[in-house]
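Have the sequence and the 3D view ready, and let us walk through them together.

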Amino acid sequence: MFNDIGPLELVTLIVLAVLVFGPDKLPKVIQDVMRTVRKVREFSESAKQDIRQELGPEFKDFEFEDLNPKTFIRKQLDNDELGLKEIRNGFDMKKEMAEVTDAVHGRDSDSSAGSSSSSPSSSSGDRVDMKKKPDERPPYDADAT
């Protein structure tokens, strides 16, 4: 509930509570707040139990957290029936990046493995020098920005 409160904010709240309620009344206020929080939790748990009983045995594994859209989508995407895990595991990012690098350098991805091991000096002539400054600026494209 209060996961995003930092230590400085917590100290500020404590100091503010002491200033507003005073050191004499502060323990009584804390007890009242805790009692109210307990009652709200008990009320919500009894409401959940009533809803589960009214829904019947078909919904015995129903969780109220599943009504949260993030949880629902995450649960559906992790579902094995869709085959998304196989698709996700089918991507080899190292291989994809190597293919992109080979395409940028103008090399054929199949022959780059054989040519790089046999003669590394022959492929250095095909490389583009990224440190070299171009003589003229590329044309400005207003639609691209």
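What follows is a short tour of the fold, the first helix, the salt bridges and a nonpolar patch.

This is a predicted model, in which local features need pLDDT of at least 70 and side-chain atom pairs count only at pLDDT 80 or more, while totals for chains, interfaces and linings use all residues. Residues are numbered from 1 along each chain as its sequence is written, and side-chain values use heavy atoms, with hydrogens and water left out.

**The overall fold**

The protein has six helices and zero strands, giving the pattern α-α-α-α-α-α along the sequence. Here helices (H or I, at least four residues) and strands (E, at least two) are DSSP runs, numbered from the N terminus. Of the 145 residues, 6% count as buried; buried means under 20% relative accessible area, exposed means over 50%, and partly exposed lies in between (1.4 Å probe, protein chains only). The protein exposes about 13600 Å², and carbon and sulfur atoms supply 60% of that area. Accessible areas come from the Shrake-Rupley method with a 1.4 Å probe, and for residues only the protein chains shown count as cover.

Helix H1 covers residues 7-55. A straight helix of 49 residues would span 72 Å at 1.5 Å a residue, yet H1 spans only 43 Å between its end C-alpha atoms. The expected span is 1.5 Å times one less than the number of residues. Look at Gly 22, shortly before the proline Pro 23: a kink of about 100° lies there in H1. The bend at a residue is the angle between axes fitted to the seven residues ending there and the seven starting there. Just after H1, Gly 56 takes a positive phi of about 100°.

**Salt bridges**

The structure holds four salt bridges, each defined as a side-chain nitrogen of Lys or Arg within 4 Å of a carboxyl oxygen of Asp or Glu.

| Pair | N to O distance |
|---|---|
| Lys 28 and Asp 32 | 3.4 Å |
| Lys 48 and Glu 45 | 4.0 Å |
| Arg 52 and Glu 63 | 3.9 Å |

Lys 28 and Asp 32 are four residues apart in H1, so about one helical turn separates them. Lys 28 is partly exposed at 46% relative accessible area, and Asp 32 is partly exposed at 29%. Together with Arg 35, these two residues are linked in a network of salt bridges.

Lys 48 and Glu 45 are three residues apart in H1, again about one helical turn. An α-helix has 3.6 residues a turn, so residues three or four places apart point the same way.

What does the pair of Glu 63 and Arg 52 link? Glu 63 forms a salt bridge with Arg 52, and this pair links distant parts of the chain: Glu 63 sits in the loop between H1 and helix H2 (69-77), while Arg 52 is in H1, eleven residues apart. Glu 63 is partly exposed at 35% relative accessible area, and Arg 52 is partly exposed at 22%.

**A nonpolar patch**

Ile 5, Leu 10, Leu 13, Ile 14, Leu 16, Val 18, Val 20 and Phe 21 make a nonpolar surface patch of about 680 Å². Patches are made of residues with over 30% relative accessible area and no salt bridge; like charges are joined within 9 Å, and nonpolar side chains (Val, Leu, Ile, Met, Phe, Trp, Tyr) within 5 Å. Leu 13 belongs to H1 and is partly exposed at 45% relative accessible area. Ile 5 lies in the segment before H1.
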